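Please brief me on this predicted model.

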Amino acid sequence: MEAIAGDVHAHGYGWAGVWSAAASLIFLWSMVQQHLPAQLEEHLAALSRRLQAAITPYVTISIDEHVPASFGRSEAYLAAEAYLSATCASAARRLRADLAADSDRMSVAVDDHEEVADDFRGAKLWWRKTKTLPRGNVISWSAHEEERRTYCLTFHRRHRGLVDALYLPHVLAEGRAATVRNRQRRLFTNNPSSDWSGYDARVWSHVKLEHPSTFATLGMHPDKKRDIIDDLDMFRDGKDYYASVGKAWKRGYLLFGPPGTGKSTMIAAMAKYLDYDVYDLELTSVKNNTELRRLFIETKGKSIIVVEDIDCSLDLTGKRKKKKKKPNKKKSKSGDKKKKAPPAPGAGKDEENKVTLSGLLNFIDGLWSACGGERIIVFTTNHKEKLDPALIRRGRMDVHIEMSYCCFESFKVLAKNYLHVDDHELFHEIRQLLGAVNMTPADVAENLMPKSKKKDVDTSLARLVKALKEAKEEALAKALAGAEHEEGAEDDDEEEDDSSSSSEEEENGKKKEE
């Protein structure tokens, strides 16, 4: 027993010595690292990697969190993190939860110094997340230099071709898709060009897009909604088709109709259905075509670029200016030519500092419009006839959607949404009135909206019937007034004709007497 106890004591002393020596080496190496020149440290690390590559058949690819000369995080790093969170995080023992900037829910990612495995087409791959702290004697000027995080992908060298050709594109595509699924949709607006420079320069600023509109709640004929949804589906899934026919992956929609017919609501429903961001472009704050081009470049895919009330935004709605022929002026007898007045100061500058029709056409259909992909451009207008035909032709505004007055089918959708009723005894009268008078879906919805917490279907529908009857009476009164005005104008014309003919007869009689 004493011999066994002696052996145990000797073993314990031996292990204690090993741990003590290891701790001393780690402490010594940390002290040496602080005083080791950076170039020598990099040389030793490179030598270590070459030695490891010579004795191991495995290859490692590193994806850094930050790229040089950039203040943002690497897109490849974000894609890898999103991919691992969606596919491999369940196998990790340590996870890190965070609320992403563009998301409305918590996201879970692999924690630092954690390793997870992945299988792809029979190949075994390992991901490890590392974190490197900065050297103690280095002054950092940016936040991301304080610590460096890296995803390291390790695999056998015989799978190198598979990883390069298929696995890395797979990680990028799946990571982007996971990011889109988890993000919060955003509504962007363009900043003034004075805010485009500086440390925190941003061309666009955004808020969360929380508009509740959907195609189910949109007051429109169901068949028309079905056609729009089918067209959106074809666009969203048509990346390969657009490439095969040689067209940029974009589509233009022109929404036109009277105010209150749901043009803005349609845009919100499209964004929610496609899960796209919305860029609300305010053209009046854009100084010239160059700024317009930069704004377009700064937009991202899976987005809808909107210019509302295009007929009121800028002087782009009229026909193209035609050159006026100069009248032939006769020279004066003295032969002196009149001196032309000098141009007003700043007149030429004002002509240059504005968005032109040509610039807008290039924005929606020029070479720059092919930068990126999966973008929808939407114009809205109350007066389609005022727009230049070149602006709204097919290929630029591919789909023209008339947002018209409320029909009976649209009313049924609104009645279902606001009152939860599918049929009522007043529906027949409402159908007849809607066929005889024009009322926008916004006005119909306002009359259907209950005015108290208790939803009284009869009261709401009766209020709508009353409003429709009043609108019908107003329309008839306007029509009668217009007809009377035309009759009065015709009578005036007849009186003028009679007076002119009588005056002519008197003049002819005088001539005969003479």
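An open sheet is built from 7 strands in the order S8-S7-S10-S11-S12-S9-S13, with mixed pairing. Its edge strands are S8 (204-208) and S13 (399-402), each pairing on one side only. The model is predicted: local features need pLDDT of at least 70, side-chain atom pairs count only at pLDDT 80 or more, and totals for chains, interfaces and linings use all residues. Residues are numbered from 1 along each chain as its sequence is written, and side-chain values use heavy atoms, leaving out hydrogens and water.

**Sheet**
- Strands are DSSP runs of E, at least two residues, and helices are runs of H or I, at least four, numbered from the N terminus.
- Two strands pair if DSSP finds at least two bridges between them.
- S9 (residues 250-256) and S12 (residues 375-381) pair in the parallel sense over 7 bridges.
- Tyr253 has Val378 in S12 as its bridge partner.

**Helices**
- Helix H7 (residues 263-274) packs on the sheet and touches S9, S10 (277-280), S11 (303-307) and S12; contact means heavy atoms within 4.5 Å.
- The direction of H7 makes about 170° with that of S12; axes are lines fitted to C-alpha atoms, for helices over the stretch in contact, and angles run from 0 to 180 degrees between N-to-C directions.
- Helix H11 (residues 357-365) lies across S9, S11 and S12, at about 140° to S12.

**Cysteines**
- The count is 0 disulfides, a disulfide being a pair of cysteine sulfur atoms within 2.5 Å.
- The sulfur of Cys406 has its closest cysteine sulfur in Cys407, 6.0 Å away, so it is too far for a bond.
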